[in-house]
Amino acid sequence: GQVFKLEDYRPNDFSIPQTGLTFRLSPDATRVTAVLTIERRDGAAASAPLVLDGDGLVLKRIAVDGRELAPAEYLATPDQLTILKPPARFELLLETEIAPASNEALMGLYRSSNVYCTQCEAEGFRRITYFLDRPDILSVYTVRIEAQLDEAPLLLSNGNPVESGALAEGWHYAVWHDPFPKPSYLFALVAGNLGQVADSFVTMSGREVELGIYVEPGKEGLAGHAMDALKRSMQWDEQAFGREYDLDVFNIVAVSDFNMGAMENKGLNIFNDKYVLADRETATDADFANIEAIIAHEYFHNWTGNRITCRDWFQLCLKEGLTVFRDHEFSADQRSRAVKRIAEVRTLRAHQFPEDQGPLAHPVRPRRYREINNFYTATVYEKGSEVVRMIRTILGSQTFRAGMDLYFERHDGEAATIEDFLKVFEDVSGRDLSQFALWYHQAGTPNLTVSSTHNPVTREFTLEIEQSVPPTPSESRKRLMHIPLAFGLVGAGGEPVAYGGVEGATVEDGVIHIRKRRHLVRFSGVDERPAVSLNRGFSAPITLSVEQKADDQFFLAGHDSDAFARWQAFNTLLTDALIAAFRQILGGAKPVFSARLTGLAGKIAGDETLEPAYRALALALPGEADIARDIGRNIDPDAIFTAREALVLAIARANQDAFTKLYGRLAEDGPFSPDAASAGRRALRNILLDYLSLLPGGVELAARHFETATNMTDRAAALTVLAHRHDGSPEAIKALAGFEARYGADPLVMGKWFQIQASVPGPKTVETVRALTGHAAFSMANPNRVRSLIGTFSSANQTSFHRADGEGYRFFAQTVLEVEKRNPQVAARLATALRSWRSLEPGRQAKAREALLAIANGENLSADLRDIVERTLA
Ligand code: HT7
Ligand code: ZN
């Protein structure tokens, strides 16, 4: 396949200032008429042909300035349209015919439960009409939609409504105009029969905006949380970034077939219904939090993505990393900042670190790609957000905000680059960010090795810090990074230790600026050896190798004033214990855990000065994949599982009484609320249930928890405990059947039922999952169901997916190829589950490689899937 390279970027010879589109909708033969105003750019050669992108198109008509073109004047293939001698300025009319009902790739115009909808990012617009389908072509769109009134009473597109009315023979139409020039990837259309939830928002300058959320008829009652989140997002962007909404209407549509979470089309966001619909009966607290975060994320794109877009797809992180940073900040302000930060870091480590440490590693701003759809990654999104956070750490909040203000002022209406973004911060701060810019350009997770010495005679405390960046594919030699390392010196009573001066590195506001390979950072005037708290707040997305005594780690886990670092200290203790247990198991020994560690778990659980949500996060042991990542090589997932289960049991036994009492005290007493504090109490109670379920009476306790649950969070948590810890017990069988009977008709909730079963540990889950692909509620064509069953199995079931006989991989390869026939994008994403195959022990490694080869040898492999498997195998 073709490789696209950043250095090859050239502006196109033409621009398209105006785009008119008319859709005459029909499931199998939709007529699309495009009327494009096209201008040759100043400086472009007069002989330059116009080459438009297409993807599987059938051209029915073509005219220039009202004159039909003769066949010798153009070349049309399904994937390209060339006009050989275009005038300098002209109107191009194109008619194409497309079949939304048979579009299972869910890119371009397709049907989801009889609703017409579109997905154009990144390159879906070219499946609708021929166009310069690239983000630096900004055009003003006017869209006319025609449909049969009974089939599609609702007709939506971007911008503001202009007119609507009846047509002959039961048809009707609507016209929409979007005054803001936009790239084609932000185009959207929705037509169908949907229920509406209406509200309004008055902006900071007093303009009233009509808000609409559209859902499957009958589900209007499930959109309240999303609407509330939308209004809070609009208000927050005004207050935190001074950004006001700019159209008269803002619409959100929920559809049930969607490749990703949601899409920020101008004025018409389209959502996966999983991220809109919620009530206590059907959604967990995690669902409520996700909905709030994704509604905010898409709304925030209106400024970071839409008003200022990307020059090319290499700049994807310009909108995505920045918008993730903005949604993280929003959630931190709405909920608990410390808890949010810990959850973010867990996600980053679970998804981005393995990406950065494996064959699919790429810089936050990649320099080449074969298939752009495969670059909507944790690196671009999550690490991209961490890079923005580091800019704020280095500049301070006020200067960062001044930089953002300048960014909006300088680049509004433009298609910008990462260089433009960095330049505004250099300009407002007077700092040189050229070394820092490596965070965008260089792949890999930097590591800092840290050791300390204290000299009581000279009263000097020294940190020796050394940086390294491991090699990644096609980048064997790495340059030195600028790493902002937030730190604290902690005295015996938990208080910050004062020091006189510092030498050996720039230290500002509690941050050491690491720029060289090795720093000896000397703090003078330090009487007693302090404990060192490092990477506070996770100031940089790095790994740390710290020579630190267990005493210090225990001390910090109990006393660090930085909530993140305190959580980290306990988590490090748990990880170290789990890795030691893993080694004991491989050596044939029974793992043992210190009473000090299991006792600390009990202490944290019962510490009423800490928020329940924080305590729940602390008690959630590192996952099997986290442990595998930290071990790094020669992974035996069965031994990791055994080690982890042994620690859960040891903590449960050591704290039985305290956990039982606390569990009882946390029982729900008031009316249900999805707010963060109530969710935190449920999280703590549910993790206690997980521990207690391993002790005598545990299965009865879990069954009672399930039976008496008054909300989905508790019900799903109890079902997970029963299915995972008491697999095959009468209680588990009954609960699974009860859940299915109750929610069988609700596809989103059945997704949870699939997920819970797909993650049951142990070899036989391969068979369960295979059987569930035949369940009435499962569909290979629906991305949410595929992700719930196959995605969960392959990414969250270490013992079954990595079954020693390779059966998990074989089933997986077969299924990926089956999904790919309909939806290459979803298949390619699924296939990334094998990206860490080289860290497995040799037997599993060989079997995983066979599965990858089986995928690679699939017939007519799509560009999406080929790109992933070939890079994974390279
Ligand atoms: N910007 C959106 C990305 C997206 C997407 C990309 C490829 C194929 C389908 C897609 N659906 C949504 C989502 C976002 O980051 O906000
Ligand atoms: Zn986004």
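Two strands count as paired if DSSP finds at least two bridges between them; helices (H or I, at least four residues) and strands (E, at least two) are DSSP runs, numbered from the N terminus. The model on screen is predicted, so local features are given at pLDDT of at least 70 and side-chain atom pairs at pLDDT 80 or more, while totals for chains, interfaces and linings use all residues. Residues are numbered from 1 along each chain as its sequence is written, and chains are lettered from A and ligands numbered from 1 in the order in which they are written.

**Stop 1**

Select Leu211 and Phe250; Leu211 stands opposite Phe250, a residue of strand E19.

**Stop 1: the four-stranded sheet**

Select Cys117, which stands opposite Val190 in E16. Strands E11 (115-119) and E16 (189-192) pair in the antiparallel sense over two bridges. The open sheet here has four strands in the order E10-E11-E16-E13, with antiparallel pairing. Its edges are E10 (108-112) and E13 (154-157), each with a single partner strand, so one side of each is left without a neighbour in the sheet. From one strand to the next, the twist averages 15°.

**Stop 2: ligand 1**

Show the 15 residues that surround ligand 1; the closest are Glu121, Asn259, Met260, Met263 and Tyr376. A residue is included if its C-beta atom, placed from the backbone, lies within 6 Å of the ligand. Strand E20 (262-263) and helix H2 (285-300) are the elements that give two or more residues to this shell.

**Stop 3: an annotated span**

Colour residues 226-436, which UniProt (unreviewed entry) annotates as "domain: Peptidase M1 membrane alanine aminopeptidase". This span is 55% helix and 9% strand, and its end C-alpha atoms lie 37 Å apart. UniProt positions follow the numbering used here, feature names are shortened, and annotations may be inferred rather than shown by experiment.

Note on methods:
Axes are lines fitted to C-alpha atoms, for helices over the stretch in contact, and angles run from 0 to 180 degrees between N-to-C directions.
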